[in-house]
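Visitor: I would like to learn how to read a few features of a protein model. Please show me one at a time.

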Amino acid sequence: MIAFFWAHWPQVFAALSIVTGAAAIVHAALNKEDVRAATGWVGVILLSPLLGAIVYFVAGINRIRHTALATRRSARHALWREFYGPAVPRQAIADCFSTQFLPMKTLGDTVTRFPLTSGNSIQMLENGDEAYREICDAIEKARHSILLETYIFDRDRTGMRIADLLIAAQARGVAVRVLIDSVGARYSVPSIVHHLRAGGVNTFTFNGKVITGLRLPYANLRTHRKIIVIDDEVAFTGGMNIREAFTREFHGERRSLDTHFRVTGPVVGDLFAVAAEDWHFASGEKLAASSDPHGAVSSTDPIFARVVSSGPDGSIETNHKMLIGAFSVAQKTIRIMSPYFLPDRELISAMVTAARRGVEIDILLPSQNNLKLVDYAMTAQLDQVLKGGCHVWRVNGAFDHSKLMTIDGQWSYVGSSNLDPRSLRLNFEVDLEVLDSGFASMVGDRIDRAMRDVTEVTLHGLRKRPFLLRLMEKILWLGSPYL
């Protein structure tokens with residue numbers, strides 16, 4: 001057999017190239033909804049025999065099938081809905097915010113899985129020291145359950161502190177479950193996974209069995225969600241991974257910045273539903289229904305909030321649809337803060353159209369980025385929004401990983417999603433849509449503080465830079481969907 005292969009390897013290679021290439025092209029043509037993506041992949045497959053097909057099957061298939069966990073109508077979710085009652089009615093939105101945001105209520109009800117709820121409480125945690133302190137305190141007080149999902153969980157001083165608290169909670173009888181993305185788990189060597197498992201914590205990696213579990217077509221898909229749910233009463237979510245680089249305690253003034261959120265109320269149940277579905281996908285375990293969701297009562301505050309989950313499954317591009325809708329209802333201001341800004345043509349068109357309607361749009365990006373290739377690609381695209389009337393600012397100082405957005409001082413969108421192709425199509429993300437002027441004011445204040453030390457990006461400034469630098473940026477921009 002081996003002798004036959006070596007004697008006829010050109011024919012074998014040609015046959016494999018034709019079979020795999022044809023299969024990949026058929027799959028791309030039937031499943032890609034964007035003609036540009038389909039055309040690009042067909043070109044890669046044709047120009048790189050066999051290799052192009054392999055790359056497509058590893059990195060080009062961006063739809064994964066979760067085993068349907070009962071989050072949509074699970075026993076636990078039903079208990080939450082029964083206790084909190086129906087979703088916020090349209091009239092309540094109209095009474096509090098006139099009719100401007102009624103289209104967002106309709107859009108969210110149509111494209112997301114979770115209703116807009118009231119009675120939520122949301123606390124902003126503005127840096128790693130504050131966020132990790134609150135998280136550690138909640139873990140120490142946990143009585144019966146902790147469900148944690150994150151992209152990165154470093155085995156550094158902050159990570160070990162949280163891991164040891166999780167191990168201690170497990171030892172005193174708390175049911176602790178930890179889900180870490182298989183890529184994010186490898187940011188530290190050795191991985192924190194081994195330490196958690198050795199301490200008795202039930203720990204899995206998301207999409208970790210790429211080869212042995214026959215998940216090779218999904219190797220490029222990641223959970224970028226950050227969710228911690230404790231005792232069904234309190235949850236933490238936002239953009240912050242678990243790593244000491246975000247703390248002044250360990251990194252002083254060299255620390256990176258980020259914004260996280262502590263939430264209570266009905267959205268806790270919906271955040272649990274998202275994390276529980278991912279847990280079931282990774283571990284095969286269906287989490288038991290809570291017998292008493294009443295402990296999660298938050299307050300009577302009329303903070304309207306909705307959990308928006310998105311990812312390359314049945315909820316693909318949900319975050320993208322919500323952003324398009326939000327830009328279309330904006331009347332005065334759109335304020336965006338993002339570490340990675342590579343919106344597609346549809347989002348750019350929506351922003352530019354809003355700007356030309358007279359909406360003032362400010363986009364804040366870090367001056368020093370932790371991903372240089374992404375930053376080069378970002379810079380290559382900034383002229384598209386500048387020409388449309390948007391304002392772009394580079395925030396000086398420490399790298400800021402925050403993902404924040406407010407519209408007209410009333411509607412906010414915060415969470416794990418970046419404005420780039422990976423977050424909008426490839427990653428599993430979770431965000432909060434919040435309709436509350438008080439919360440929007442907090443987010444606006446956070447953005448205002450960043451605006452104290454910024455450098456404006458102008459078309460003239462972009463164009464006067466060296467030709468070779470601009471060319472390199474454009475070349476990297478061509479690969480931006482895969483950065």
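Visitor: Which residues of β15 point one way, and which the other way?

Guide: In a regular strand, side chains alternate between the two faces of the sheet. From β15, Asn427, Glu429, Asp431, Glu433 and Leu435 point one way, while Phe428, Val430, Leu432 and Val434 point the other way. This is a predicted model, in which local features need pLDDT of at least 70 and side-chain atom pairs count only at pLDDT 80 or more, while totals for chains, interfaces and linings use all residues. Residues are numbered from 1 along each chain as its sequence is written, and side-chain values use heavy atoms, with hydrogens and water left out.

Visitor: How many residues of β15 are buried?

Guide: Buried means under 20% relative accessible area, exposed over 50%, and partly exposed in between (1.4 Å probe, protein chains only). In strand β15 (residues 427–435), nine of its nine residues are buried. Strands are DSSP runs of E with at least two residues, helices are runs of H or I with at least four, and both are numbered from the N terminus.

Visitor: Which strand pairs with β15 over seven bridges?

Guide: Two strands pair if DSSP finds at least two bridges between them. Strand β9 (residues 304–310) pairs with β15 in the antiparallel sense over seven bridges, and Ala305 stands opposite Val434. Strand β14 (residues 411–415) is also antiparallel to β15, with five bridges; there Ser412 stands opposite Val434. Strand β5 (residues 222–223) runs parallel to β15 and is joined to it by two bridges, with Arg222 opposite Asn427.

Visitor: What is the phi of Asp231?

Guide: Most residues other than glycine have a negative phi, and most peptide bonds are trans. Phi of Asp231 is near 55°, a positive value. Ser98 also is not a glycine and has a positive phi, of about 60°. Asp231 is buried, with a relative accessible area of 5%, whereas Ser98 is partly exposed at 43%. As for the peptide bonds, the one from Val189 to Pro190 is cis, with omega near 0°.

Visitor: Is Glu244 buried or exposed?

Guide: Glu244 counts as buried because its relative accessible area is 10%. This residue lies in the loop between β7 (234–238) and α11 (248–251). Its side chain makes a polar contact of 3.2 Å with that of His251. A polar contact is a pair of N or O atoms within 3.5 Å; within protein, one must be able to donate a hydrogen and the other to accept it, and residues adjacent in sequence count only if both atoms are side-chain atoms.
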